[in-house]
Amino acid sequence: MPTNAPLNRKLRMGLIGGGQGSFIGRVHATAAVLDNRAALVAGALSSDPVRAKASAADYDIPAERAYASYKEMAETEAQRADKVDFVSVATPNHTHFEIAKTFVEAGFNVVCDKPLTLDLPQAEELLKVVETSGVVFAVTHNYTGYPLVRQAREMVLSGELGEINAIRSNYIQGWLRTRLEASDQKQAKWRTDPKQSGAAGCFGDIGTHAYNLGRFITGLLPKELSCSLKIFEEGRALDDYGVALVRFENGALATVTASQISHGRENDLFIEVDGTKGAIEWHQEEPNKLLVRKNGEPHKLYTRNGGPYLGAAQASSVRLPSGHPEAFFEAFANVYGTAYDAMVKRDAGQKFETVNTIYPNVYDGVEGMLFITQCVESSKHNGGWVPFRHPKSRK
């Protein structure tokens, strides 16, 4: 079958960020091309023009398409017959808005890291620009791309677990147990700086992932929340631990816990969902297994691509037979893949879904920014309940 039919070619990718010393930029570049549907052809890889051009060789980007700034890239690429089809924004939070807005207004599709912007007003303005432009806009809440996460979502939405009563979603790390940012470590430095990270630290960085995972799996609409954020490492400017309680429209409750100061914990994102007919449990560090429980029955262990008991959403998200592990890169690539489907339709002039997509989109990004905003607000008032429902929230 031709690549990206009816486009019949690879999508052309541009990368913003990802220069020397970057973590997530290389992840984007790897995941985006994993299924041979895209090629990285251009980039503005750093805010430092010298480093931006010097980093291009690391990605085999031709010198003439290694740009000194994202503005130069947007202006120049827009004039090329072989311009990029989309750009991936892999930069610190405070830069997302201007970069994404520039490319959306120029008509380019965008894949943007989370959180969407530095603050909620920026996110809401960007949403208006995206809605006006008609571009495809994906947000890399990449954990939604795991096959068994998509299986869990299918089970919940089909009613297999009954009415959902409770969600426990946690993301526990330990890498910021000490003030690593004081040693000028790049990743720690910007994540703990309010000017670059925004109003929240740990909760903005990984708490948003934990919340989004519960929203994706259950589809429940939030109503209000209570939150307590804490700085345990003396001298740090932003939270390194937090707990939120979310109440949903149907009466269900969710707890969201995020930590970056827990000894020995790496990227321990895990979720449990309780329904009236059954419960599920999934761990990101063991992503090829999903535990299913029902009272009076033996516990069931579902495995990725394990058999016909699994649904279509899982089946469309796997590449290897069961027993051969798939993990972080493949999940990231699944987010890209479903966004590519929309990009191809847009290029062909076909109608495509923009709101209720399988990939996280700009609406999820806006809700994520509202989550951060209201968690910070609640925490300022000793965990008092605050409204938590954006008019643009999607199911």
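Predicted model: local features only at pLDDT ≥ 70, side-chain atom pairs only at ≥ 80, totals over all residues.

Student: Which cysteine sulfur is closest to the one in Cys-112?

Tutor: That would be the sulfur of Cys-375, but it is 20 Å away, which is too far for a bond.

Student: OK, and what about Cys-375, buried or exposed?

Tutor: Cys-375 is buried, at a relative accessible area of 1%.

Student: Switching topic: what does UniProt say about residues 149–281?

Tutor: An unreviewed UniProt entry annotates that stretch as "domain: GFO/IDH/MocA-like oxidoreductase". In the model, the span is 27% helix and 33% strand, and its end C-alpha atoms lie 10 Å apart.

Student: Let's do a helix. How far apart are the end C-alpha atoms of α9?

Tutor: They are 24 Å apart. Helix α9 has 17 residues, 202–218, and at 1.5 Å a residue it should span 24 Å, so the two values agree.

Student: Where is the kink in α9 centred?

Tutor: On Thr-208, with a bend of about 35°.

Student: And how many of the residues of α9 are buried?

Tutor: 17 of its 17 residues, so the helix is mostly covered. Just after α9 comes Gly-219, which takes a positive phi of about 70°.

Student: Now strands. Why call β9 largely enclosed?

Tutor: Because five of its seven residues (β9 is residues 253–259) are buried.

Student: Which strands does β9 pair with?

Tutor: Strand β6, residues 164–172, pairs with β9 in the parallel sense over seven bridges. Strand β8, residues 241–248, runs antiparallel to β9, and seven bridges join those two.

Student: Which residues are bridge partners there?

Tutor: Ser-169 has Val-256 of β9 as its bridge partner. Likewise, Gly-242 is partnered with Ala-258 of β9.

Student: What's in the hairpin of β8 and β9?

Tutor: There are four residues between the strands, and in this hairpin Gly-251 takes a positive phi near 95°.

Notes. Residues numbered from 1 in each chain as written. Heavy atoms only, no water. Expected span 1.5 Å × (residues − 1). Bend = angle between axes of the 7 residues up to and from the residue. Buried < 20%, exposed > 50% of the residue type's maximum accessible area, 1.4 Å probe, protein only. UniProt positions renumbered as here; feature names shortened; annotations may be inferred. Pairing = 2+ DSSP bridges. Disulfide = S-S within 2.5 Å.
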